[in-house]
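Work through the exercises below with the model open. Try each task before reading its solution.

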Amino acid sequence: MDECGIKPVFRPFWEDLPHANIFQSITPDVLHQLYQGIIKHLIEWIKEAYSEAEIDARCRRLPPNHNIRLFMKGISSLSCVSGTEHNQICCFLLGVIIDIRLPGNLDSARLIRAVRAILNFLYLAQYPCHTDQTLNLLDDALTRFHDNKGIFVDLGIQANFNLPKLHFFRHYVHMIKLYGTTDNYNTEYTERLHIDLAKDAYRATNHKDKYPQMTLWLERREKMLWHDNFVQWHLAGDPPVQDRSPPDMDYRRALKMTKHPTAKRVPLDHIICDYGATFFTEALARYVVRTNQPTLSAVQLEREAAHIVLPFQTVATFHRVKFHTINASGYRDPTATIDSVHCQPPRKDNKGHIIPGHFDTVLVNEGDGGTTGVNGYRVAQVRVVFTLTSHAAAALFRTPAKAPTHFAYVEWFTPFRQPKANHGLYKISRVIRNGERLASIIDISDIRRSVHLIPKFGPVVPREWTSSTVLELCSSFFVNSFSDRHAYLTII
C-alpha cells in the first residue's frame with residue numbers, strides 16, 4: 001500500500017452512519033477537476049507538443065471579441081494560472097493549434113481530436129439543464145478523448161493517464177442524474193463568496209480582534225442590502241413576488257442601442273475612408289430599392305438603384321451594439337451586457353497615439369435562421385451602424401414607418417459548409433467579386449450575436465499580422481464555437 005501511496009483508514013467517521021455512502025458524497029467539481037485539473041494538464045501537454053513561441057505568436061494575433069481575452073504576451077509565460085484564466089484560454093485553444101506541425105512530421109489529427117473532445121466535455125458538463133441526449137454526448141466526448149490520447153504517449157509527453165481527476169470523468173453522468181447539473185455543487189461559487197464574505201470583511205477591520213468586527217460589518221451590509229431591496233420594491237409600486245424560473249437552455253438575446261448616436265454627423269466620404277464602407281452609397285441604394293420593390297430581379301434592382309439619389313451628405317453613426325439576456329419568463333436584464341459588437345474607426349488618444357479601428361464580425365440571420373444551428377445564418381463584418389433622419393427615411397422609403405430605425409453596412413463571408421472532420425469548426429473566407437468585397441446594408445435586428453473568427457494561420461503565422469489587422473490581411477478563418485457557452489450551444 002505504501003508503494004501505491006495509499007494510507008489505510010481504520011475508523012472512518014462514516015462507519016456508524018447507516019445511510020451514508022461516502023463515494024456518493026464526492027461530487028464533480030468543474031473548477032478543480034476540469035479547469036484547474038485536466039485543462040491545466042492539457043495546456044501543459046500542448047506546450048510540450050508544439051513550439052511555445054509559435055503558440056504565443058498566434059495568441060497575440062487573434063482578433064478582438066467581447067468574449068475573448070487577448071493574451072498579448074502569450075500563454076507560455078503565465079504562472080499561478082487561475083481557473084478564470086484557464087477558462088479564457090479554452091475559448092481559443094483549439095483554434096490556435098489547428099495548423100501547427102508536430103515534431104517528426106507526426107499527424108496532428110489525433111491531438112486535435114483529443115483537444116476537441118476535452119473541450120466538448122468541459123462545455124457539456126456545464127449545461128444548465130440536461131437530457132438523455134446531452135448526457136450521451138458527454139459520455140461520447142470522453143470516449144473520443146480516450147480513443148485519441150495515445151498521441152501524447154507517442155510524443156513522449158505522458159507515460160500513462162492514471163490521473164484521479166481524469167478517472168472521475170466517468171462518474172459525471174451518474175452524478176448529474178443523481179444530484180442535478182454541476183452548477184449545484186461547483187466550488188467556484190463558494191470560492192467567489194470567500195472574497196465577499198471574508199477578504200472584503202477583513203479589509204474593513206483594523207486587523208485587531210478582527211472576527212467581531214467582520215461579523216458586525218457583514219451584518220450591517222446585509223441589513224443595508226435588504227433595506228435597499230425594500231426601497232426598490234416600494235418604488236416599483238409594490239409588485240407581487242415572482243416565482244423564480246428554473247434554469248433552461250434559453251437562446252434568446254435582446255439587442256440594445258444607445259439613445260443617442262456616438263457621432264451625430266459623419267460625412268459620407270468619412271464613412272467610406274475612415275469606416276472602410278467602400279460601397280456605402282451603392283449598398284444603401286440597393287437596400288432602398290429592394291425594400292420598396294421586393295419582387296424585382298437582380299438586373300432590375302441594379303438598374304433601379306442607379307437612379308437613387310441620397311437626400312443627405314451626413315449620417316449619425318453608433319460605435320457599439322449591446323446584447324442583454326432574456327430569461328425563461330421573458331424578463332430582460334438591462335444591467336448585464338453579455339455580448340457586444342464594436343464598429344469604431346481609428347482614432348487618437350490623449351497623447352496623440354493612433355488607436356486602431358475595431359470592426360467586429362457577427363452572425364446575421366438571412367431570413368430563415370432558427371434558434372440553434374447555422375442554417376439560415378451567415379457571417380459578416382460590421383463596418384458602420386447608422387440611422388437615418390425622419391426626413392431622409394420619408395424621401396427614400398415608400399412606407400417610412402416600416403423602415404428600420406438602425407442599419408448596418410456589412411461585408412460578407414462565404415456561407416457555412418460542413419465543419420472540418422477533426423476539429424469540427426466551420427471554415428469561411430471573404431466573398432470577393434471583381435476584386436472587391438461583397439457588401440450590403442442590413443436591418444440591425446438581423447444580427448444574432450457577435451462571432452469570433454480564428455485566422456487560418458498555416459504552419460507558421462505571418463509575423464506582419466497583428467490583432468488589429470489580421471481580419472484584413474488573412475483570407476480564411478475558422479468560426480470559433482468555443483468563444484462562450486452561448487456560441488457552443490448555437491453554432492453547431
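The exercises cover cores, helices and sheets.

This is a predicted model, in which local features need pLDDT of at least 70, side-chain atom pairs count only at pLDDT 80 or more, and totals for chains, interfaces and linings use all residues. Residues are numbered from 1 along each chain as its sequence is written, and side-chain values use heavy atoms, with hydrogens and water left out.

**Exercise 1. The nonpolar cores**

Task: find which residues touch the most other members of the largest nonpolar core.

Solution. 
- Step 1: A nonpolar core is a set of buried Ala, Val, Leu, Ile, Met, Phe, Trp, Tyr and Cys residues joined through side-chain atoms within 4.5 Å. Buried means under 20% relative accessible area, exposed over 50%, and partly exposed in between (1.4 Å probe, protein chains only).
- Step 2: The largest core holds 86 residues, and Y50 and F152 touch the most other members.
- Step 3: Helices (H or I, at least four residues) and strands (E, at least two) are DSSP runs, numbered from the N terminus.
- Step 4: list contacts, meaning heavy atoms within 4.5 Å. Residues up to four places away in sequence are not counted; F152 then touches L42, W45, L111, A114, F145, I157, Q158 and F161.
- Step 5: check for another core. A second, separate one has 45 residues, including M257 and A380.

**Exercise 2. H146**

Solution. 
- Step 1: A114 is 32 residues from H146 in sequence, yet the C-alpha to C-alpha distance is 7.7 Å.

**Exercise 3. Helix α13 and its partner**

Task: compare the reach of α13 with its expected span, then describe its packing against α14.

Solution. 
- Step 1: the expected span is 1.5 Å times one less than the number of residues. Helix α13 (residues 280-292) has 13 residues and reaches 18 Å from first C-alpha to last, close to the 18 Å expected.
- Step 2: its buried residues include F280, L284, Y287 and V288.
- Step 3: α13 packs on helix α14 (residues 298-305) at an angle of about 120 degrees, and the axes are 9 Å apart. Axes are lines fitted to C-alpha atoms, for helices over the stretch in contact; angles run from 0 to 180 degrees between N-to-C directions.
- Step 4: at the meeting point, A285, R286, V289 and R290 of α13 meet L301, E302, E304 and A305 of α14.

**Exercise 4. Strand pairing**

Task: give the strand order of the four-strand open sheet and of the three-strand one.

Solution. 
- Step 1: two strands pair if DSSP finds at least two bridges between them.
- Step 2: the four-strand sheet runs β1-β4-β5-β8 with antiparallel pairing. Its edge strands, β1 (253-256) and β8 (358-359), each pair on one side only.
- Step 3: β1 joins strand β4 (residues 320-326) over four bridges, where A254 stands opposite H324.
- Step 4: the three-strand sheet has the order β12-β18-β17, also antiparallel. Its neighbouring strands are turned by 40 degrees against each other on average, direction ignored.
- Step 5: β12 and strand β18 (residues 476-479) share four bridges, and Y426 has V479 as its bridge partner.
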